[in-house]
Amino acid sequence: MTHVSKRKIEPEIKKQILDSLTLLIKNLNNVPDTEKFLSSILSETERIMIAKRVVAAFLLRHNIESEKIQDILKLTPATVARLKLWIQTHQEGFDMIFNKLERQRRGEIAKKILFKILDYAIVAGSGRVPNPFRKSYQK
């Protein structure tokens, strides 16, 4: 676990700096900028730790066995158990991000299917119909 200073900051200052961080992350509009920011502000260990949490939470959401998650991500049983509890108490945030990811993934799949249909329609419109049993076209 990362070290947090024992010196407490005032609640109002804490709120302001957390709000600033949230706004800053919200305004990162592309992957390269986000990667640069995360690499600048987090150590490699911190980035891996956060990434493992997100992936483990996603796998738990999809009912992957804890033992498999532990093996794949090299996590201890205690870490996975704590993460399960954390997800239960903070489910709203996890649901929001995973729903967005799943919608994006469905959109990508739909786009691939649409392009295949368009490709077929163009070829069929020219009088050539693909043979489903061969990689060639018939006239």
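Predicted model: local features only at pLDDT ≥ 70, side-chain atom pairs only at ≥ 80, totals over all residues.
Trainee: Which residues of helix 3 are buried, and what makes them line one face?

Mentor: The buried ones are Ala56, Ala57, Leu59 and Leu60. Look down the axis of helix 3 and those buried residues fall within an arc of 160°, so they line one face of the helix.

Trainee: Why is helix 3 called roughly perpendicular to helix 5?

Mentor: Two packed helices are described by the angle between their axes and the distance between the axes. Here, the axes of helix 3 and helix 5 (residues 77-89) come within 10 Å and cross at roughly 70°. Roughly perpendicular means 65 to 115 degrees, so helix 3 counts as roughly perpendicular to helix 5.

Trainee: Which residues meet there, and what is the contact like by class?

Mentor: From helix 3 you have Arg53, Ala56, Ala57 and Leu60, and they meet Val80, Leu83, Lys84 and Ile87 of helix 5. By class, that contact has six nonpolar, no polar and two charged residues.

Trainee: Moving on to Ser66, how do you know whether to call Ser66 buried or exposed?

Mentor: Compare the value with the cut-off. Buried means under 20% relative accessible area; Ser66 has 13% relative accessibility, so Ser66 counts as buried. Ser66 sits in helix 4 (residues 66-73). Setting aside residues up to four places away in sequence, Ser66 touches Leu60, Val80 and Lys84.

Trainee: And Gln70, is that one buried or exposed, and what does Gln70 contact?

Mentor: Gln70 is in helix 4 too. With 17% relative accessibility against a limit of under 20%, Gln70 counts as buried. Ignoring neighbours within four places in sequence, Gln70 is in contact with Leu75, Thr76, Pro77 and Val80.

Trainee: Now the loops. What stands out about the phi of Asn63?

Mentor: Phi of Asn63 is near 60°, a positive value in a residue other than glycine.

Trainee: Why is Asn63 called exposed?

Mentor: Exposed means over 50% relative accessible area. Asn63 has 68%, so Asn63 is exposed.

Trainee: What about Lys74: where is Lys74, and what is its phi?

Mentor: Lys74 lies in the loop between helix 4 and helix 5. Lys74 is not a glycine, yet its phi is positive, about 55°. On exposure, run the test again: a relative accessible area of 63% against a cut-off of over 50% makes Lys74 exposed.

Trainee: One last thing. How do you know what share of contacts join residues at least 24 apart?

Mentor: Take contacts between residues at least 6 apart in sequence; of those, 31% join residues at least 24 apart.

Conventions
Residues numbered from 1 in each chain as written. Heavy atoms only, no water. Buried < 20%, exposed > 50% of the residue type's maximum accessible area, 1.4 Å probe, protein only. Helix = DSSP H or I, 4+ residues; strand = E, 2+ residues; numbered from the N terminus. Arc of directions from axis to C-beta. Axes fitted to C-alpha atoms, helices over the stretch in contact; angles between N-to-C directions. Parallel < 35°, antiparallel > 145°, perpendicular 65-115°, else oblique. Contact = heavy atoms within 4.5 Å. Nonpolar A, V, L, I, M, F, W, Y, C, P; charged D, E, K, R; others polar.
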